[in-house]
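Have a look at the model shown here and keep it open as you read. The notes that follow are meant as a friendly guide to its parts.

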Amino acid sequence: MPQYELRCRECGKSWGNQPRSICDDCFSPLEVSYDYDALRSQVTREQIAQGPPSMWRYSGLLPLPENFQPSLPTGFTPLFRAPRLAEQLGAKNLYIKNDAVCLPTLSFKDRVVAVALAQAREFGFEVVSCSSTGNLANSVAAQAARNGFRSWIFIPADLEPAKIIGTQVFGAKLVRISGSYDQVNRLCSQIADEHQWGFVNVNLRPYYAEGSKTVGFEIAEQLGWRLPDNVVVPMAGGSLITKIKKAFDELITLGLVDAKPVRFFGAQATGCSPISTAVKAGNAEIDPQKPATIARSLAIGNPADGHYAIKTIKANGGWAEDISDPEIVESIQLLAETEGIFTETAGGVTVGCARKLYRQDRILPDETTVLCITGNGLKTTDVLTGKYEAEEPIPPKIAEFDKYLERILDIDVPEAVEA
Amino acid sequence: MTITVQIPTPLRRLTSGSARVTCAAANLDELFSALDQQFPDLKPHLRDEAGQMRRFLNVYVNEEDIRFLGGNAYAFRDGDEVLLVPSIAGG
C-alpha cells in the first residue's frame, strides 16, 4: 500500500495515484496527501541522518514509487550564515540557502523534476515534457537524458540564450513559442490533453511540486532541527513558498521540530508582481498581469498557485514585496560582492526584496531569516552586460603593468629594485 | 452572437463527448447559462455553490485571457473561440 495519494485540495475527493493534476469535479488542483500516523514511526531524525547527502535522505516524506532508485545526488545544497550581506541589509542573523549549486542543472527545479520523473517512469511514460521559463527546461532535459526518457520542452521564444543552449545540449526537442510563458502554459495544457506525455508541470504536477518540500526539510535540518523565524522566497507560479510551508508543517506534525509560526515573505519583480500586488492590496485572489521584467524565470503573469501563496504569506503575518529591474541587477551584484554567490535574476529579486523588508522593519535584525537563492547567475549573464568595462589589454611587461596601475589608480608605483 | 467553446477532455464526458460546442451568448454570464441549458451536468464543474466561476478555471477568448479583455464585461463577437483551461503550474 502506498502511503500517499492524490486528493483534491478544495473538495477533498480522493484520486488515488495517477498522472492527473485537476479534480474533474471542481477543477481545483490535486495535492499529494500522506498517512502521517504511519509515517510518524518510520521517519526519524536518526533515519534521515543515515541517508545520503542529497534530497533522497527525505525519501520517506516524498511521493516516490516503491523500490525507486535515484540516479543523481540532487539537493542538500549549502545553508550558511551570510554576515557580510547581513551587514549591508542591517541584519544580524541572516542565512542563505544556496540552490544556485543544486545538481544537475544549478537551480531548485532539479528537486521537482527528480520526483516528477520518478513517477513518469512508474506511470510508463517514454516522453517527458514541460512548459518552462528556462530553469525547468534545463532540468527536464538533463534528467530525461540521465534517465533514458525523450523530452519535449516548450519555452517562450525570448528566453536567455544560456537557458536555450542549456536545454538543447541534452538532446531535448526544444519548441520555441512566440508568446509569453502564460501562453506557452495554456498551449501545453491543450497538448497534454491530446498526447500521452508526462508533462512534469501539467499531469505530473502534484508529484512534481512535492519535490520543493525538500528545500524546507533541508533548512530545518541544517539549522539543527529548528525552524527559522522568517523565510524569503522568490515567487513565479507561487508553488515553492507553499511547499516550504508544507515541509515545515509536516516536520511539526511528525514531531521532528518544535512548532513555530514561521513567517513567509514572497519576492517578485515589479514588472511581474501579481502576487505581491494582491498581498499589498489585501486581496485573496490574483489579477493576472502581462510580464515585463528581466527576471524571466519569475515572469508568470497568471500564477496557478497564487491563491495558495497569498494564504501562506498571510498565515503568520508575512508580507510580499517587489523590486525594479535595476534593483534586481544591483542585488545580484550585492550578493556576489558580499558572499561570493553569483545568482540569477530570481536570486537578485530575493535579495533586493529582503533589503526592502528589513528597511520596512517587517523583518527584524535579530530574527533568524533564510533567503532562498534558487538559481545560478551563469544562466543570466546578459543582464550584467554593460555593467563592467572591457579592459584594454596591456603588453606582458612589468613596466607596462606599472604604467597601467598609475593610470587606473592615479598613484606612483615605487621603482623596482635591481637584484 | 455565435461563439465556439472548446471543451477540455475531462469535461467531455458531460458534453456527450463533444470537444467543440457552439453557443449563442453576448457575454461570459450568458455563455455559462447557455452551457448550463445545453449540458445541465456541466454546471457544478464550472461554477461553485455561490454561482461564481470556479477559481482555478481560466477562460480564454481567441487565446487571450478574458480578464485582460474586461472579464464579465467583455462583449463576445461573432465567431469568437473560447477555451476553458484549468490553471497549471509554474516552470
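The model is predicted: local features need pLDDT of at least 70, side-chain atom pairs count only at pLDDT 80 or more, and totals for chains, interfaces and linings use all residues. Residues are numbered from 1 along each chain as its sequence is written, while chains are lettered from A and ligands numbered from 1 in the order in which they are written.

| Domain of chain A | Residues |
|---|---|
| domain 1 | 1–34 |
| domain 2 | 79–105 + 212–384 |
| domain 3 | 109–210 |

Taken over C-alpha atoms, the centres of domain 1 and domain 3 of chain A are separated by 22 Å. Their contact takes seven residues from domain 1 and nine residues from domain 3; two residues are in contact if their C-beta atoms, placed from the backbone, lie within 7 Å. On the domain 1 side, strand β3 (residues 30–34) of chain A gives the most, with three residues. Helices (H or I, at least four residues) and strands (E, at least two) are DSSP runs, numbered from the N terminus.

Chain A also holds an open sheet of four strands, in the order β8-β7-β6-β9 with parallel pairing. Two strands pair if DSSP finds at least two bridges between them. The edge strands are β8 (173–177) and β9 (198–199) of chain A, each pairing on one side only. Two bridges join β6(A) and β9(A) in the parallel sense, and A:Ser129 stands opposite A:Phe199 in β9(A).

Helix α12 (residues 306–315) of chain A is mostly covered, with seven of its 10 residues buried. A residue is buried if 20 or more other C-beta atoms lie within 10 Å of its own, exposed if 12 or fewer, and partly exposed in between, with C-beta atoms placed from the backbone. Among the buried residues of α12(A) are A:His307, A:Tyr308 and A:Ile310. The buried residues pack against α10 (239–253), β11 (263–269), α11 (274–281) and β12 (319–323) of chain A. After α12(A) comes A:Gly317, whose phi is positive, near 80°.

Now for the nonpolar cores, each a set of buried Ala, Val, Leu, Ile, Met, Phe, Trp, Tyr and Cys residues joined through C-beta atoms within 7 Å. Of the 121 residues in the largest core, A:Ala116, A:Val140, A:Val232, A:Val233 and A:Leu298 touch the most other members. Helix α4 (residues 109–122) of chain A supplies the largest share of this core, eight residues. Apart from this core lies another, of 17 residues, among them B:Leu46, B:Phe76, B:Leu84 and B:Val85.

Chain B has three helices and five strands, in the pattern β-α-β-α-α-β-β-β along the sequence. Of its 91 residues, 29% count as buried. The C-alpha atoms of chain B fill a box of roughly 35 × 30 × 25 Å, taken along the principal axes.

Finally, how many residues does the contact take from chain A and from chain B? The contact takes 35 residues from chain A and 20 residues from chain B. On the chain A side, β6 (127–131), α7 (181–194) and α8 (205–210) give two or more residues, and α7(A) has the largest share, six residues.

How values were computed
Domain bounds come from an automatic or database domain assignment.
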